[in-house]
Amino acid sequence: MTTKEKQFVGVAEVMEEEIPVEEMFLNMGPSHPSMHGIVRIMVRITGERIVWSDVEIGYLHRAFEKSVEANSWNSATIYTDRLNYVSPIINNVGYCMAVEKLLGITIPERGEYVRVLLSEISRIADHITAVGAAAMELGAFTAFLYTMKAREYCYELIESACGARITTNFARVGGICADLPEGFESECRKYMPMVADVIVELDKLLTRNRIFIDRTKNIGAVSGEDAVKLGFTGPLLRASGVAYDVRRAFPYSIYETFDFAVPVGTNGDVFDRYLVRMEEMRQSMKIVYQCLDKLPDGPVNAIDKTVTKPDKTDVYDNIEGLMNQFKLVMDGHGINPPPGEFYQPVEAGNGELGFYVVSDGTDKPYKCRCRPPCFPLVQAIPFMLKDHMVADVVPIFGSINMIGGELDR
Amino acid sequence: MLVTPPNRLLRLVIYKNNIMDIPAYIERLEEKIGTDNLQTNYPHDQLTITVSRDKIQEALQFLRDDDEALFDHFMDLTAVDYIGKQPRFQVVIHLVSIPKSQRIRIKINIDDDSAEMPTITGIYPAADWFERECYDLYGIRFAGHPNLKRIMLYDEFEGYPLRKDYPIRKRQPRVELRKPEVRRSDETVEPPR
Amino acid sequence: MEIGSDGIPGVALTSKLDLALGWGRKYSLFLYPFVTACCGMEYMSVACAHYDIDRFGAGLPRFSPRQSDLLFVVGTISHKITPVVQIVYEQMTEPKWVVAFGACASAGGPYDNYATVQGVDTIIPVDVYIPGCPPRPETVLDGLIKLQQKIQTRKIEL
């Protein structure tokens, strides 16, 4: 053997002996670079392999339920905004639908169309933020900048209709706060193709990217059965192969009249979830165009004195309007749904968002429970992280799209 | 209407909102756990059953495995505090059957003294954190839960905030709060014109 | 070398040093975005191309308190995370500034209940408060400019 070969003989012998391995405890968070929210992920690793992991949440618990119980029925919409703050209109609409069912009222067709139109624009904003943030955490910073540009277009549309970019407070019990402004349809038709262009660019950047595929394929794979057992809903359940979408399984509002597909994946890994989100954005855009084509004329709020506020000209001109306004706005009066309970599920960006509302006949909700879609998803992080490496924590956590406001309420 | 009349014909007529037929699997469930332990009603057309506390695990096992029910997906677990009434708490479980596209709500009445019920994580593993949250905010213990600790609040917190007798503004600070001072700009350097 | 007004040599030199250091510091801020809630979305908008915060020199977030000098407290602070805020603030090296971004960080916002802190200034001293729920990106840039004015006029302790 030459001298060079002699140097390496000892290495093979050493490798066969027992090298003592110590487990290292690594703590990620609660304050950490991912913009999803504050959550603490703890892992124990030997080398790079994860041996044990756990998640600690609750750092953003803001007492949503207690605050809603302390204020009137219509005041709860500001708290629902701040649940899933990337797609707030879906939360508003879900809550208002639950209360409307308790009251037993239906809203006019135009109101339903406007709600669906803005919900789908919100859903596009949600998915595009999720994909952009997930890509940024893997190092693809350009994708994040492109998605923020697209999100600004969505925000401009939402701002022209609701008045605010993020905390919209749009839906009211009995309809919506105000009708769409003049020129909304042409603005929408101008901005949607721009957002579609950004989705095409994202596709070109990420879907066939060797590095992105290596980091996301077969990572965090969850089979369909396991996904159902773990309580998944939304894009993660659909990526695992189970075609459950609340808009199709338990149709609400006017979703039955729209023609859209529900994308379903095969593996349930991070790459499939990304593909499902991209396709859902395209389907949402399809719904937006159908809404714009079919938007009917007419009132947007339910014609019901006990629920809808009167026109301001009536309030200031005649006494009945003034009394009506008084009855709806003052403390102790307001909307009084009859005693009862209702659970209204809607399809939010992350899955099934359910509002379980209990009324005791007064003007304050007795209980308003929000079933958060990302709660079972974050609960399953230790399950998904089994036998993975420490570098896989970031893509798995990014694919869940955990929103702190919704998780901790 | 919470009490189920014994005669099936009477049941069909007396239901409050609609004349809704009871699904066959509910009748089989009733045979399994006994008529005293089960009540059915349909508030706003949503099937709701009230099961007594010691039969809940049996009932959920049946609902998950029965061919017509097939409630495989666990959706939500929460509690409602009916203070002033006996029993005080009511734990509410929502389940979904994905193959059959149907929903059900299961309620369990729990009185104040023990505030305890058997865990359902053995049947639905997804209920783990939901039960922890219920314990954290309402104080209802789930016997047999693998890790019943606080989840939303910190360990030093005393009390169960979502109960109706907990005042909303009662804070329990973890660090000493300081009094924010008003900063005056008397220590500055004039910038050049 | 000029003699200052109270006869102490070098006062004018020190004040010019103050201004130079202030100028340097205000245009090279390294932020630590302590993002908790909805205001984080507006922080993302401010940091990106449309309302670029980089043109004000504050475009590089450092996710370590040792490497940053500006703590952006973005979003609601609950009692559970107050020890973490304190530790992060104490780990930052002088000179450091704190900006309370949003209504929740300034004074508690719409949440006045058992779980939230009414303003992060009850935990750590704050320099600039940016109101809004969430504040528009233009408001954030206005707040940043006010902070820059404050940094410029700060006296150096020698």
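Reader: How many salt bridges are there between chain A and chain B?

Author: Happy to start there, and please keep in mind that this is a predicted model. The general idea is that side chains of opposite charge can pair when their charged atoms come close. Between chain A and chain B the count is 7 salt bridges. One pair to look at is B:Arg103 with A:Glu352, whose side chains meet at 3.1 Å, N to O. Polar contacts are also counted here: 21 residue pairs between chain A and chain B, both residues at pLDDT 80 or more.

Reader: Which element gives the largest share of the side of chain A that touches chain B?

Author: That is α2(A), with 5 residues. Sorted by class, this side of chain A has 23 nonpolar, 6 polar and 12 charged residues.

Reader: What area is buried between chain A and chain B?

Author: The size of an interface is often given as the accessible area lost when the parts come together. For chain A and chain B the buried area is about 3,600 Å², and carbon and sulfur atoms give 60% of it. In chain A, the residues that lose the most area to chain B are A:Lys66, A:Tyr366 and A:Gln379, together 19% of what that side buries. The contact itself takes 41 residues from chain A and 43 residues from chain B.

Reader: Now to the other partner. How many residues does the contact take from chain A and from chain C?

Author: It takes 33 residues from chain A and 31 residues from chain C. The area buried between chain A and chain C is about 3,000 Å², with 66% given by carbon and sulfur atoms.

Reader: What is the count of salt bridges between chain A and chain C?

Author: The count is 3 salt bridges. An example is C:Lys80 with A:Glu56, where the closest N and O atoms are 3.8 Å apart; the cut-off is 4 Å, so this pair is counted. Between chain A and chain C there are also 15 residue pairs in polar contact, both at pLDDT 80 or more. On the side of chain A that touches chain C, the elements giving two or more residues are α2 (64–70), α3 (76–81) and α6 (141–162) of chain A. Of these, α6(A) gives the most, with 8 residues. By class, that side of chain A has 17 nonpolar, 7 polar and 9 charged residues.

Reader: Salt bridges can also sit inside one chain. Which residue forms a salt bridge with A:Arg165?

Author: A:Glu152 does, with the closest N and O atoms 3.3 Å apart. This pair links distant parts of the chain: A:Arg165 lies in the loop between α6 and β4 (171–172) of chain A, and A:Glu152 in helix α6 of chain A, 13 residues apart. Over all chains, a search of the whole structure finds 43 salt bridges.

Reader: Let us turn to helix packing. At what angle do helix α4 and helix α5 of chain A pack?

Author: For a helix pair, look at the angle and the axis distance, then at the residues in contact. Helix α4 (residues 88–103) and helix α5 (residues 109–137) of chain A pack at about 140°, with their axes 7 Å apart. The residues of α4(A) in this contact include A:Ile90, A:Val93 and A:Met97, and those of α5(A) include A:Arg115, A:Leu118 and A:Ser122. The residues of this contact divide into 7 nonpolar, 2 polar and 3 charged.

Reader: And in chain B, how far apart are the axes of helix α2 and helix α3?

Author: Their axes are 10 Å apart, and helix α2 (residues 24–33) and helix α3 (residues 56–65) of chain B pack at an angle of about 145°. The crossing of α2(B) past α3(B) is right-handed. Among the residues making the contact are B:Tyr25, B:Leu29 and B:Ile33 of α2(B), and B:Ala59, B:Phe62 and B:Leu63 of α3(B). By class, the contact has 6 nonpolar, no polar and 3 charged residues.

Reader: Last, the backbone. Which residues does a cis peptide bond join in chain B?

Author: For this feature, read the omega angle. B:Gln86 and B:Pro87 are joined by a cis peptide bond with omega about -5°, and B:Pro87 is in the loop between β3 (73–81) and β4 (89–97) of chain B. In chain C, the peptide bond from C:Glu94 to C:Pro95 is cis, with omega near -10°. C:Pro95 lies in the loop between α3 (82–91) and β4 (97–101) of chain C.

Methods: Residues are numbered from 1 along each chain as its sequence is written. Chains are lettered from A and ligands numbered from 1 in the order in which they are written. This is a predicted model: local features need pLDDT of at least 70, side-chain atom pairs count only at pLDDT 80 or more; totals for chains, interfaces and linings use all residues. Side-chain values use heavy atoms; hydrogens and water are left out. Contact means heavy atoms within 4.5 Å. Buried area is the accessible area (1.4 Å probe) that two parts lose on being put together, summed over both. A polar contact is a pair of N or O atoms within 3.5 Å; within protein, one must be able to donate a hydrogen and the other to accept it, and residues adjacent in sequence count only if both atoms are side-chain atoms. Helices (H or I, at least four residues) and strands (E, at least two) are DSSP runs, numbered from the N terminus. Ala, Val, Leu, Ile, Met, Phe, Trp, Tyr, Cys and Pro count as nonpolar, Asp, Glu, Lys and Arg as charged, and the others, Gly among them, as polar. Axes are lines fitted to C-alpha atoms, for helices over the stretch in contact, and angles run from 0 to 180 degrees between N-to-C directions. A crossing is left-handed if the near helix is turned anticlockwise from the far one by less than a right angle, and right-handed if clockwise.
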